[in-house]
Amino acid sequence: PVDEIDMCLVLSNLLENAFEASLRTRSARRKIEVTAYVHAARLVLIEAKTPLTGDHENSGVFRSSKRKGNGIGIQSVRHIAEKSGGVSTVTYQDGLFCAKVMLCG
């Protein structure tokens, strides 16, 4: 239902950021949880969660763990979601980073 390249780009960007964040988190807290669902044959819902230690947010924009300034991976996810008519949200609360993405086909 969704462009395969866009879906792969979203997953790889989310996983890259989650993996990098987990490397800077105590080993006892390291965990990456990714879920994806096809809904109504035209939507793909993707959620990625990982514990995150330290300050990775600046005025509501998450910084990439590998790049200075704004998070390239998260910006890319947002752009891909919007171009398909979908949405994305990124939150950080109580030490847990969560990205939710809806891609439309």
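This is a predicted model: local features need pLDDT of at least 70, side-chain atom pairs count only at pLDDT 80 or more; totals for chains, interfaces and linings use all residues.
Student: OK. How many bridges link E1 and E2?
Tutor: There are 7 bridges, and the pairing is antiparallel. E1 covers residues 33–39, and E2 covers residues 43–51.

Student: Which residue in E2 is the bridge partner of Tyr 37?
Tutor: Leu 45 is the partner of Tyr 37.

Student: And what sits between the strands of that hairpin?
Tutor: The hairpin of E1 and E2 has 3 residues between its strands. Ala 40 takes a positive phi there, near 55°.

Student: Zoom out. How many helices and strands does the protein have?
Tutor: It has 2 helices and 6 strands. From the N terminus on, the elements run α-β-β-β-β-α-β-β.

Student: What's the strand order in the open sheet?
Tutor: The order is E1-E2-E6-E5, 4 strands with antiparallel pairing. E1 and E5 (87–93) each have a single partner strand, so one side of each is left without a neighbour in the sheet. From one strand to the next, the twist averages 10°.

Student: How is E5 joined to E6?
Tutor: By 7 bridges, with the two strands antiparallel. E6 spans residues 96–104. Within that pair, Val 90 has Ala 99 in E6 as its bridge partner.

Student: Where does H1 lie?
Tutor: H1 lies across E1, E2 and E6. Against E2, H1 runs at about 10°.

Student: Switching to the surface. Which residues make the nonpolar patch?
Tutor: Leu 15, Phe 19, Leu 23, Ile 32 and Val 34 make it, and the patch is about 400 Å². Helix H1 (residues 4–23) gives the most, with 3 residues.

Student: Take Leu 23. Which element is it in?
Tutor: Leu 23 is in helix H1.

Student: Why does Leu 23 count as partly exposed?
Tutor: Because its relative accessible area is 41%. The partly exposed class lies between the cut-offs of 20% for buried and 50% for exposed.

Student: And overall, what share of the residues is buried?
Tutor: Of the 105 residues, 36% count as buried. The protein exposes about 6200 Å², and carbon and sulfur atoms supply 54% of that area.

Student: Last one: what share of the contacts comes from residues 24 or more positions apart?
Tutor: Such residues account for 56% of the contacts with a separation of 6 or more.

Methods:
Residues are numbered from 1 along each chain as its sequence is written. Side-chain values use heavy atoms; hydrogens and water are left out. Two strands pair if DSSP finds at least two bridges between them. Buried means under 20% relative accessible area, exposed over 50%, partly exposed in between (1.4 Å probe, protein chains only). Contact means heavy atoms within 4.5 Å. Accessible areas come from the Shrake-Rupley method with a 1.4 Å probe; for residues, only the protein chains shown count as cover. Patches are made of residues with over 30% relative accessible area and no salt bridge: like charges are joined within 9 Å, nonpolar side chains (Val, Leu, Ile, Met, Phe, Trp, Tyr) within 5 Å. A salt bridge is a side-chain nitrogen of Lys or Arg within 4 Å of a carboxyl oxygen of Asp or Glu. Axes are lines fitted to C-alpha atoms, for helices over the stretch in contact, and angles run from 0 to 180 degrees between N-to-C directions.
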